[in-house]
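Hi there,

Here is the structure I promised to pass on to you.

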Amino acid sequence: MWLVLLIGLAGTALALAVAGRRVLFLYKLAMSGQPAPDRVLTVKRDPKGDVEAEVVEVLGQKKLLKWTVAGLAHFFVMWAFILLASVYLEAYGALLADMKFHIPVIGTWPVVGFIQDFIAVMCLLGLITFAIIRITNSPAKLDRKSRFKGSHTGGAWVILVMIFNVLWTMFFFRGAASASGNLPYKSGAFVSIGVGKLMDGLSHSTLEILEKVGLLLHIGVMLVFLVIVVNSKHLHIFLAPVNVLFKRRPDGLGAAQPMMSDGKPLDFEEADPDTDVFGRGKIEDFTWKGFLDFATCTECGRCQSQCPAWNTGKPLSPKMLILDLRDHAFAKAPYILAGSDEAREKLPDAVKAEAERPLVGGADVNGVIDPDVLWSCTNCGACVEQCPVDIEHIDHILDMRRFQVMIESSFPSEAGVMLKNLENKGNPWGMSEMKRLEWIEELDFEVPVVEDTMPEDTEYLFWVGCAGALEDRAKKTTKAVAELLHIAGVKYAVLGPAEACTGDPARRLGMEFVFQMLAQQNVETLNEAGVKKIVATCPHCFNTLANEYPQLGGTYEVVHHSQLLAKLVDEGKLIPVMPINENITYHDPCFLGRHNKVYKQPRDIMAKVPGVKTQEMHRHKDRGFCCGAGGARMWMEERIGKRINTERVEEALETNPDTVSTACPFCLVMLGDAINEKKNSGEAKESLEVVDISQLLIKSIKGEATKEPVAAE
């Protein structure tokens, strides 16, 4: 027994030393990043929300269970790691104390033995499921649509084998213990006891030897596994709960984060590009939370499988972007952690070459991230929504864009026109501010315009937005909403010429300075007017006003028009009466759906319109597919791969719709353009159109003529 004890303790000490050294390296590397004081656990950060996230996302595996079979398999494997820790407690008790050791109080309860063996069996079934998935998606079979494309699949097999080794050594050790009479569970541990029965007939001394060999094997496998894990992508076993704990609340969507330097908001009036951090120009500019994101990535590829850019032939894979940043951070780590210039000079040439690589740059300069990767992102949020470990891809992409735009002046040239128009005219099209009121002239009732303060008894400010005021197709939505609010008796007013772009296109492009200029101007206007409640038709305006303006002192109660209209319909203030006998499919705007979780109200409105027959596209709600306009892509040419709006319209056409509905002016334009292309090619019927849900509602309320009735099935 002394030899067993010596081997067990020596192996444990060695493994902990090797693993500890790696953990210390990872900690030092992460802490070399910028501070992130908003991620520190404080009362202000909402400890209740942190605990809830751990319970729901880590213990409950909420995101992974959306993926049915694979998610269920992972659920049992994850819980095996937690519950089988009790078996290792028993194993070390047997090693250090007595082979008959049991956990105090509960250690002989049959239910404990049953739970241990049951979860081990379910874990084994999970491993078989993973193996089938891996074989089906073997490297030889991987194409662009596979979520494993680009992942390190070989390492995954090593982990599967190691988990299997944990399971069989557990049953071998416990089976021998059962046969020798040392297993603390006389019933319940059905597999362990069954294995013990297979050893019936062996001598007691032989059983004791087998038990000790099994004990050392079980502990040894765990120790080797530990060393492998801390040196592989399976670090997420330990880091995922940490990353979930420190994520943005409620998730990494909604507001774009303000520019920070040394843990403080960047003051552009006093900022110095030579000393302050403008976005991310090198890997050490990322915060420690960024480094935590890189190390936590599981390479599962769920982000990649949902990315509209990747699915239409663009070079952006959210997974590969994180992996490229991670690999670069690890390769540059000796340089980052070197204590002096003299120490850096002594580093290998390969490390110094890695340290000199630009973070963003084309093949000609060997950049870590290709510019086309950076500018392909639509900020749709599909990657963040699906990531099971809460990596915040959009924040990292946006921060790299900020450096490229504000320091390098490097961005798609056509976006420069948009920026110039925002600076000079306060809207992306460069139109006169007086044109913001022209849509009112087409109405047969008066719409109050704010002069200095909100008119008395006015409940809402109607934020029309640049598209809603200036783009012809979006104007139809504006007029429909204005008339619906008028019919419902809702008192509202508009800013007219005093309204400027919220700054969303500039911020999502990376030009934070222009965003702040416009946002501060709008906040001042809104605060001086005494605005409390805002209704907006554009999800981008809605998101910016509700989630980003509070960063600049503008806090308002903001609703999207779909939310307000659904409420008015429920209250009976708007009553759709005329049937609209059409097949309609609804497209979820990304900044309304994923970014702000508004899925129900637009569908509720359509459900209340008589005659409407709805059909969901196969990608909808939290897995909806982008129209291609977000992330300032509305103002950039789409030159690589298939057009995203074309892909989305093809999905819509699969439902054989009479009408495509949405709730966003950008989506209205993008889907409308793609539908027109399909009409020209004969792939879509001439009567097909895309409309806002408000247009459907006003048509039913006013009893306007509809299309031919849908043919009965």
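Before anything else, please keep in mind that this is a predicted model.

Let's begin with a pair of strands. E5 (residues 533-536) and E6 (residues 557-560) run parallel and are joined by four bridges. If you want a spot to look for, find Ala536, which stands opposite His560 in E6. Helix H25 (residues 539-548) belongs to this picture too: E5, H25 and E6 make a right-handed β-α-β unit.

H25 also takes part in the next feature, the lining of the largest cavity. The whole structure holds eight cavities of 30 Å³ or more, and the largest has about 120 Å³ of space. Its lining is made up of 17 residues, and those nearest the centre are Cys466, Cys501, Cys538, Cys541 and Phe666. Which helices each supply at least two residues of that lining? They are H21 (466-470), H23 (504-509), H25 and H29 (665-680). H21 gives the largest share, with three residues. By type, the lining has twelve nonpolar residues, four polar ones and one charged one.

Now for the charged side chains. Side chains of opposite charge can pair when their charged atoms come close.

Another joins Glu471 and Arg473, whose closest N and O atoms are 3.3 Å apart.

The last one brings us back to H25. Glu548 in helix H25 and Arg508 in helix H23 are 40 residues apart, so to speak distant parts of the chain that this pair links, and their side chains meet in a salt bridge of 3.1 Å, N to O. Glu548 counts as buried at 0% relative accessibility, and Arg508 counts as buried at 2%. Both belong to one network, in which salt bridges that share partners join Arg280, Asp399, Arg402, Asp504, Arg507, Arg508, Glu512 and Glu548.

Enjoy exploring!

Key:
Residues are numbered from 1 along each chain as its sequence is written. This is a predicted model: local features need pLDDT of at least 70, side-chain atom pairs count only at pLDDT 80 or more; totals for chains, interfaces and linings use all residues. Side-chain values use heavy atoms; hydrogens and water are left out. Two strands pair if DSSP finds at least two bridges between them. A crossover is right-handed if, with the strands pointing away from the viewer, the path from the first strand over the helix to the second runs clockwise. On a 1 Å grid over the protein atoms alone, a cavity is a set of points where a 1.4 Å probe fits but cannot get out, and a pocket is an open set with protein on both sides within 12 Å along at least five of seven lines; lining residues have an atom within 4 Å of a point. Grid points are joined across faces, edges and corners, and a volume is the space filled by probe spheres set on the points. Ala, Val, Leu, Ile, Met, Phe, Trp, Tyr, Cys and Pro count as nonpolar, Asp, Glu, Lys and Arg as charged, and the others, Gly among them, as polar. A salt bridge is a side-chain nitrogen of Lys or Arg within 4 Å of a carboxyl oxygen of Asp or Glu. Buried means under 20% relative accessible area, exposed over 50%, partly exposed in between (1.4 Å probe, protein chains only).
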